[in-house]
Amino acid sequence: MKNIVLYKSRYGNTKQYATWMAEALQWELRDFSDFRKSEIGDYEGIIFATGVYMGKMNALAKALQWFENKPIVIVACGGNNNDPDEIEVIRKRNFTESQLAFHRFFYVPGGVDFSKVKGPFRLMLGVFRKVMERKNNRTADEDAILEGFTNPTNFVDRKYIEPILEAVRNASSGEGKV
Ligand SMILES: Cc1cc2nc3c(=O)[nH]c(=O)nc-3n(C[C@H](O)[C@H](O)[C@H](O)COP(=O)(O)O)c2cc1C
């Protein structure tokens, strides 16, 4: 049986993590867009990694439907630097409790560079920026977001895949489900 790391990545951070995981585990690596539902039966281990935009994990609805009978490892790559409260928001917003009990969920910190944003997101961010700049009593979070327009952040680090690799290796040595 084969194993695969699938990813969806707009700005490259999720793809970087997916590449590191595939290299470390010696698993196949593929963009989720090039994967077919009919192939699921060919694979034993599956990791699905995807970016978080406006609170939602990209293509997660499709992945949860495709893998409803097959437990997989699901990795979210977001803009926060491993903040437990923010990670909890992502979990709650994207999964039911039973989905979280069935699959394994991990978070890895990406980064934000608004200058790379194109299309409808760019328009939305432009409006958001104007509103924020005019706002009088901005919160610390809002200030941090505004900061992102001029100072891009990048928290991507290979060390964040270690807990994922450990879980996958323990599962394949029979110590638990992936
Ligand atoms: C338009 C936009 C919206 C975003 N919304 C969120 C969000 O709601 N929560 C979060 O944690 N990160 C958010 N981010 C940060 C992305 O998750 C981060 O850039 C991540 O690295 C994206 O993965 P990618 O590089 O593979 O596309 C957002 C980024 C952009 C550009």
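The shell around the ligand divides into 10 nonpolar residues, 11 polar ones and one charged; Ala, Val, Leu, Ile, Met, Phe, Trp, Tyr, Cys and Pro count as nonpolar, Asp, Glu, Lys and Arg as charged, and the others, Gly among them, as polar. This is a predicted model, in which local features need pLDDT of at least 70, side-chain atom pairs count only at pLDDT 80 or more, and totals for chains, interfaces and linings use all residues. Residues are numbered from 1 along each chain as its sequence is written, and side-chain values use heavy atoms, with hydrogens and water left out.

Of the 22 residues around the ligand, Ser9, Thr14, Val52, Tyr53 and Gly111 come nearest (near means a heavy atom within 4 Å).

| Residue | Part holding the N or O atom | Distance |
|---|---|---|
| Tyr11 | backbone | 2.7 Å |
| Thr14 | side chain | 2.5 Å |
| Gly111 | backbone | 2.4 Å |

The protein covers 89% of the 630 Å² of accessible area that the ligand has on its own (Shrake-Rupley method, 1.4 Å probe).

Which strand gives the most to the shell? That is β3, with three residues (strands are DSSP runs of E, at least two residues).

Terms used: Polar contact = N/O pair within 3.5 Å; in protein donor to acceptor, adjacent residues only side chain to side chain. Helix = DSSP H or I, 4+ residues; strand = E, 2+ residues; numbered from the N terminus.
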